[in-house]
Amino acid sequence: RPRPLPEDIDEWCSAREAEGRRIVLLNANGLIEHDTRMVEAFMRLMESPASTNCAFLAVPHVSRGTPTDVDLALELQRRVGDQARLTAVGRLLAPGEIASLAKRSDLAVTGRMHLTVLSTSVGTPVVTVGYQGKVAGLYELIGTDTMIEGGEPAREGLLALIERAITELPELRAAVAAARPMLLDLARRNVAGIEAAHA
């Protein structure tokens, strides 16, 4: 369930919205970064004409491993240097805060299944780097072709996929909106037994 954003993040989003920029969430998964190199794809995205009217918010989703998502988010901020262009959240947010942030964003790009689920649950299109078969079934339900496997496929194709997603945002948002009622119903059914057991 969405929760109010922390003040610093809310102010950054408001400033970018006032400038008429699209907000894009970027999440690099530390677990697959060595083979997939999402940070490098994100750095190339900063130079892409497709991203000219975008502002980027690097968000961590997990703080375990080496490097952690937090490490990668802060690395992006350091390398970009322009906090109006890209700023990083240097801490983990609660799921409700992430849901609110995703709802406020035009696009999310992530290597984490849970961020994909949270974003689609609030109607925001997502580009996902998949691994271990975790999100393939979800994308069959969503009906968009914005998933790419980690490793070599992502190293070679992630940037182009993000660029295409930015140019096709209205169509992607419509597809997610069409799939959202079914996804929410499936989620409710998934926890119905747990809720009944605790009633």
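Met-113 sits in helix α6, which spans residues 113-121; helices (H or I, at least four residues) and strands (E, at least two) are DSSP runs, numbered from the N terminus. This is a predicted model, in which local features need pLDDT of at least 70 and side-chain atom pairs count only at pLDDT 80 or more, while totals for chains, interfaces and linings use all residues. Residues are numbered from 1 along each chain as its sequence is written, and side-chain values use heavy atoms, with hydrogens and water left out.

**Met-113**
- Met-113 is partly exposed, at 29% relative accessibility; buried means under 20% relative accessible area, exposed over 50%, and partly exposed in between (1.4 Å probe, protein chains only).
- Not counting residues up to four places away in sequence, Met-113 touches Lys-134 and Val-135, where contact means heavy atoms within 4.5 Å.
- Met-113 and Ile-162 are 49 residues apart along the chain, and their C-alpha atoms are separated by 17 Å.

**Ser-51**
- Ser-51 lies in a loop, between α3 (38-46) and β2 (54-58).
- The relative accessible area of Ser-51 is 0%, so this residue is buried.
- Leaving aside neighbours within four places in sequence, Ser-51 is in contact with Leu-45, Met-46, Phe-56 and Arg-85.

**Nonpolar cores**
- A nonpolar core is a set of buried Ala, Val, Leu, Ile, Met, Phe, Trp, Tyr and Cys residues joined through side-chain atoms within 4.5 Å.
- The largest nonpolar core has 34 residues, and Leu-26, Leu-107, Leu-158 and Ile-162 have the most contacts inside it.
- Another core lies apart from that one and has 22 residues, among them Ala-55, Leu-93, Ala-99 and Leu-118.
- Leu-158 touches Met-38, Ala-41, Val-127, Val-129, Ile-148 and Pro-153, not counting residues up to four places away in sequence.

**The whole chain**
- The protein chain has 9 helices and 6 strands.
- Its radius of gyration is 16 Å, close to the 16 Å that the globule rule gives for 199 residues, so the chain is as compact as a globular protein of that length; the radius is taken over C-alpha atoms, and the rule is 2.2 Å times the number of residues to the power 0.38.
- Along the principal axes, the C-alpha atoms of the protein chain fill a box of roughly 50 × 40 × 35 Å.
- Of the 199 residues in the protein chain, 49% are buried.
- Among contacts in the protein chain with a separation of 6 or more, 65% come from residues 24 or more positions apart.
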